Amino acid sequence: MFIDGNHENFDRLLTEYPDTVRWGAPARRIGKNIYWLRRGQIYTIEERTFFCMGGAYSMDKYLRTPGVNWWPQELPGNDDYHTAIQNLQNHDMRVDYVLTHTAPQSLILRMGSAPDRHDAELTGFLDWVWHDAAFRQWYFGHWHRDARITDRAAAVYMDVIAV
């Protein structure tokens, strides 16, 4: 299972792979045992709930070619945010785990980095989730480092974390 980042080939992901329902929510089947967990969905896996929100801005976008190694779908759209809000509200704003590609603005600042203005809508939305949702742990990977940021949040790059 994976959530999308910012360098995915969305042309392929959105057209070549079938929609399905897995773990109680929409997913795309990429291979026999490979699934893309969709933005804004909440999955129940082994009695644990996972809120997923992929996407991030590519800081190196100016070096990339649209449709070849950059896709505008790298950032969530209004439908993704609407789906996320609706699903969180349907779960009383409570999940066990939050899985995102990038991090909330407040965690980006805690890591000593500056939030990118191109990512402000997404990282601001994630800040809302950070403050308004109840969860055990939050994991994100966009920052290419392994680091415990708070007692409830970690940047994950090479580490494998059992939940």
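What follows is a conversation about a predicted model, in which each label is set against its cut-off.

Visitor: What makes the chain agree with a compact globule?

Guide: The globule rule takes 2.2 Å times the number of residues to the power 0.38. With 163 residues this puts the radius of gyration of a compact globule near 15 Å, and because the chain has 15 Å, the two agree. Along its principal axes, the C-alpha trace spans about 40 × 35 × 30 Å.

Visitor: Which elements make up the chain, and in what order do they run?

Guide: The chain has four helices and nine strands, and from the N terminus on they run α-β-β-β-β-β-α-β-α-α-β-β-β. As for contacts with a separation of 6 or more, 56% are between residues 24 or more positions apart.

Visitor: Why is Q41 called buried?

Guide: Buried means under 20% relative accessible area; Q41 has 11% relative accessibility, and therefore counts as buried. The residue belongs to strand 4, which covers residues 41–45. Of the 163 residues of the chain, 45% count as buried.

Visitor: How do you know that the side chains of Q41 and N87 make a polar contact?

Guide: The cut-off asks for a pair of N or O atoms within 3.5 Å, one able to donate a hydrogen and the other to accept it. The side chains of Q41 and N87 are listed as such a pair at 3.4 Å. Leaving aside residues up to four places away in sequence, Q41 touches A25, P26, F50, F51, C52, T83 and N87.

Visitor: What makes Q41 a lining residue of the second largest pocket?

Guide: A lining residue has an atom within 4 Å of a pocket point, and Q41 is listed in this lining together with F10, L14, W36, R38, R39, Q73, L75, D79, D80 and T83. The second largest pocket holds about 160 Å³ of space, and its lining divides into four nonpolar, three polar and four charged residues. Helix 1 (10–15) and helix 2 (78–90) each supply at least two lining residues, with helix 2 giving the most, namely three.

Visitor: How is the largest pocket described, by volume and by lining?

Guide: The largest pocket has a volume of about 680 Å³. It is lined by 25 residues, of which I3, L99, T100, G141 and V156 are the closest to its centre. Strand 6 (97–100) and strand 7 (137–140) are the elements that give two or more residues to this lining, and by class the lining has 14 nonpolar, eight polar and three charged residues.

Methods
Residues are numbered from 1 along each chain as its sequence is written. This is a predicted model: local features need pLDDT of at least 70, side-chain atom pairs count only at pLDDT 80 or more; totals for chains, interfaces and linings use all residues. Side-chain values use heavy atoms; hydrogens and water are left out. Buried means under 20% relative accessible area, exposed over 50%, partly exposed in between (1.4 Å probe, protein chains only). Contact means heavy atoms within 4.5 Å. On a 1 Å grid over the protein atoms alone, a cavity is a set of points where a 1.4 Å probe fits but cannot get out, and a pocket is an open set with protein on both sides within 12 Å along at least five of seven lines; lining residues have an atom within 4 Å of a point. Grid points are joined across faces, edges and corners, and a volume is the space filled by probe spheres set on the points. Ala, Val, Leu, Ile, Met, Phe, Trp, Tyr, Cys and Pro count as nonpolar, Asp, Glu, Lys and Arg as charged, and the others, Gly among them, as polar.
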